[in-house]
Amino acid sequence: PVGTYSVTALTDANSCVGTSFGTPVSVVVNPLPTAAVSGGGTICAGGTLPNITFTFTGTAPFNFTYSDGTTSTPVVGHPGTTFTITNAPAGTYSVTALTDANSCAATTLGGTASVIVNPLPTATVSGGGTICAGATLPNVVFTFTGTAPFNFTYTDGTTSTPVVGHPGTTFTITNAPVGTYSVTALTDANSCVGTSFGTPVSVVVNPLPTAA
């Protein structure tokens, strides 16, 4: 078992008493190193990427390998008990191998932490057109990318209309009145805010000609 071993007394068959007992020797059991992973999070595209931190127990320096879920990266001779990836790109991070200065290998590697970057939602506008008075008014369609439900505001060029919790990726104004239609604000279920709203479309009704 663990301890420092030495001979403290010795007598042989001749009843001679020893005085030289050599140098003590020790049995030392070093604990296995461990790793834990923290940080990460979910952001919208264009936001500040979060950090990922690996925290180690054991005796430094450490040799370890970490993965972002796609690429493995070895680190040799890291002198401290923490290792931080600043502004970590999107991925799922974990430690896949760890040894400490005692050449002890870890079996507890601390799970994973993810960095998720959600794209910004977008809107495009289609439909509209030019008709003659008395004809059927055309439709105007807003098409979204991102994660539903969407909160957005559209305008006909005069009046702004908010829509909350729209569950689908298209929104249709049937028989849209005269106006120039566009999306002016858009947020998706991830609280990401859109900046691309497409080109406005117009509904124009020309009067019928008359003769006198």
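How many helices and strands does the protein chain have? This predicted model has 0 helices and 18 strands in the protein chain.

**Figure 1. The protein chain as a whole.** The C-alpha trace spans about 150 × 25 × 25 Å along its principal axes. The radius of gyration of the protein chain is 35 Å. A compact globule of 212 residues would come out near 17 Å.

**Figure 2. Surface and interior of the protein chain.** What share of the 212 residues is buried? Buried residues make up 27% of them. The protein chain exposes about 11,900 Å². Carbon and sulfur atoms supply 57% of that area.

**Figure 3. Contacts along the protein chain.** Take the contacts between residues at least 6 apart in sequence. Of these, 61% join residues at least 24 apart.

**Figure 4. An open sheet of 3 strands.** The strand order is β11-β13-β16, and the pairing is antiparallel. Which strands stand at the edges? They are β11 (122-127) and β16 (170-173). Each has a single partner strand, so one side of each is left without a neighbour in the sheet. Neighbouring strands of this sheet are turned by 20 degrees against each other on average, direction ignored.

**Figure 5. Strand β13 beside β16.** Strand β13 covers residues 140-145. How many bridges join β13 to β16? There are 4 bridges, and the two strands run antiparallel. Look for threonine 143: it stands opposite threonine 170 in β16.

How values were computed:
Residues numbered from 1 in each chain as written. Predicted model: local features only at pLDDT ≥ 70, side-chain atom pairs only at ≥ 80, totals over all residues. Heavy atoms only, no water. Pairing = 2+ DSSP bridges. Axes fitted to C-alpha atoms, helices over the stretch in contact; angles between N-to-C directions. Rg over C-alpha atoms; globule rule 2.2 N^0.38 Å. Buried < 20%, exposed > 50% of the residue type's maximum accessible area, 1.4 Å probe, protein only. Contact = heavy atoms within 4.5 Å. Areas by Shrake-Rupley, 256 points an atom, 1.4 Å probe, with all protein chains shown as cover.
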